Amino acid sequence: MKDDFNELNQKHRKILNYLIELHIFKSEPVGSKTIIENYPIDLSSASVRNYLEEMEKMGYIYKPHTSAGRIPTDKGYRFYISEMLKKTQDQTLEIDFLKRKLDELKGNVHDFLKYLAQFIADFTKKTAIVMLPKIDVSKPKKIDFIKVSKNKTLVVTLYDYEVLENKIIETNEDINQELLNRFSNYINDRLAKHESIELIRENLLSEMRHLKDLFDRIFFNLQKAIEERHLLIEGEDNLLDFPEFSQVEDIKKIFKTFKEKAKFVELLTKSLDKKGVRVCIGDELSTELNKAAVVLSPYGSDFTGGLGVFGPMRMDYGNIIPFLVSTARFVDEIIKE
């Protein structure tokens, strides 16, 4: 959003805002007559048409057909988004509802964020993106070991934000439950003293050398599992309702991007380089997603995570932006508690 749009006068701005709002609502090209019929504007249809022609030359709108109205270009959407960013306001009703939900979940941040992903998808009727707080796998809060069968151990690991990870590890030898309990107590005693995983591992070599293989495999597997769970995506099917994604190839590209979570997280993280809500549209995302847009609002210090909405460029930014900003502010508060 580097453009300050100085070439637009006040009438240009007003008409362009009206045109984009109508296009978002109607999903069709908008002409001068439609603008006059829907908004209080002290101009004739011919005058509005002249302004539209000027903005078409500037690159804010274009005609998809010779006899049709006009629709916004990427540049037009960027102008509209810049206007919406000036008008963010609290969503009191939605935040009050989310506070009650957090209480129902007994303050469990991780469970709340999983619920929030679905809530955002339902509220916006688009695809919700929740980037979870970064978890330091080298600093678990507690680890328990449970024998499930011969040579198989269930490892239950608790992290910050009440993130719980269950993983079955196959071992080279059969380990009885009594030894697993001693192993768990040994590790948890040291975790409670804030010892690092590396220091625990070094001491483990001398005291429980035969459990070294289990210890090493635990943390290799948990690291991978936690990284995969860093991103929540809900409401993918909502995209099928938009004409912009009616082509099978377009929706395939989007779903492929969602599936490749590591690359998608990298793409989103770049969008969180700036403070405050960030909107990326079309080619700002990638050539594969040039018909789409993402609204992303960070939360936490040093961009701990982010809340976002993915959909077509024709999004209701006027509602989505303030909703995400207010919700991210609420999440920011609860992870600091």
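Predicted model: local features only at pLDDT ≥ 70, side-chain atom pairs only at ≥ 80, totals over all residues.

Reader: Where does K125 lie?

Author: K125 sits in the loop between α6 (109-124) and β3 (127-131). Helices (H or I, at least four residues) and strands (E, at least two) are DSSP runs, numbered from the N terminus. The phi of K125 is near 60°, a positive value in a residue other than glycine. Most residues other than glycine have a negative phi.

Reader: Which loop holds H194, and what is its phi?

Author: H194 lies in the loop between α7 and α8 (197-207). Its phi is positive, about 65°, although H194 is not a glycine. H194 is exposed, with a relative accessible area of 74%.

Reader: Turning to the sheet, in what order do β4, β5 and β6 come?

Author: The 3 strands form an open sheet in the order β4-β5-β6, with antiparallel pairing. Its edge strands, β4 (142-149) and β6 (164-170), each pair on one side only. Two strands pair if DSSP finds at least two bridges between them.

Reader: How many bridges join β4 to β5?

Author: There are 7 bridges between β4 and β5 (residues 152-158). I143 has T157 in β5 as its bridge partner.

Reader: Which helix lies across those two strands?

Author: Helix α7 (residues 177-192) lies across β4 and β5, and runs at about 170° to β4. Axes are lines fitted to C-alpha atoms, for helices over the stretch in contact (heavy atoms within 4.5 Å). Angles run from 0 to 180 degrees between N-to-C directions.

Reader: And at what angle do α4 and α12 pack?

Author: Helix α4 (residues 74-85) and helix α12 (residues 317-336) pack at about 45°, with their axes 9 Å apart. The two are therefore oblique to each other. Angles under 35 degrees count as roughly parallel, over 145 as roughly antiparallel, 65 to 115 as roughly perpendicular and the rest as oblique.

Reader: Which residues meet there?

Author: Y77, Y80, I81, M84 and L85 in α4 meet Y317, G318 and I321 in α12.

Conventions
Residues numbered from 1 in each chain as written. Heavy atoms only, no water. Buried < 20%, exposed > 50% of the residue type's maximum accessible area, 1.4 Å probe, protein only.
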